[in-house]
Amino acid sequence: MAIPTDETFMWAALAEARRGIGTASPNPAVGAVIVRDGEIIGRGFNQPISAHDPTAHAEIVALRAAAALSLNYRLIDCAMYVTLEPCVMCVGAILHARLARLIYGTRDPKTGACGSVVNLCDQSRLNHHTTVMGEVLADDCGMLLTEFFKLRRRSSNA
């Protein structure tokens, strides 16, 4: 059996993003998975618009699922794979959950909180630090978002 790689789990996060837009969703195409010991224990896709919930980002949905399964809000031995660089709210939740690793796909030049706009994970004064790796399958992740927004613009102009 092959050992799963970061790319393997990013493909799973991309599948979540696609699942989220599968029903002509108005939510941007972002997906996330949380992994412990090579197994996915939490999944999520963006739903803030459809759920009328500003906190329903893919990362938060996945964190809630993983914490519920673990019966613990601390996910110390876990990694998150998300298709878009997380925002300030999501990085805050990731740090509070004590995730060991955060792996994201494409950078977010407007709201990215892992180095694009700010870098919350690099704050020495915080009591927990999550290791961050960016741009895993960046082209695939970015292309999905580009396609989503093209379709959205087309449908709003129709």
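Here is a short walk through a helix pair and a pocket in this predicted model. Residues are numbered from 1 along each chain as its sequence is written. Local features need pLDDT of at least 70, and side-chain atom pairs count only at pLDDT 80 or more.

Let's start with the helices (DSSP runs of H or I, at least four residues, numbered from the N terminus). Helix 2 (residues 58-70) packs with helix 3 (residues 88-97) at an angle of about 25°, their axes being 9 Å apart; axes are lines fitted to C-alpha atoms over the stretch in contact, with angles from 0 to 180 degrees between N-to-C directions. The two helices are therefore roughly parallel to each other (angles under 35 degrees count as such). Which residues make the contact? Helix 2 brings Glu59, Ile60 and Leu63, while helix 3 brings Met89, Cys90, Ala93, Ile94 and Ala97, with contact meaning heavy atoms within 4.5 Å. These divide into 7 nonpolar, no polar and 1 charged (Ala, Val, Leu, Ile, Met, Phe, Trp, Tyr, Cys and Pro are nonpolar, Asp, Glu, Lys and Arg charged, the others polar).

Now for the lining of the largest pocket: helix 4 (residues 138-157) gives the most to it, with 4 residues.

Technical notes. Heavy atoms only, no water. Parallel < 35°, antiparallel > 145°, perpendicular 65-115°, else oblique.
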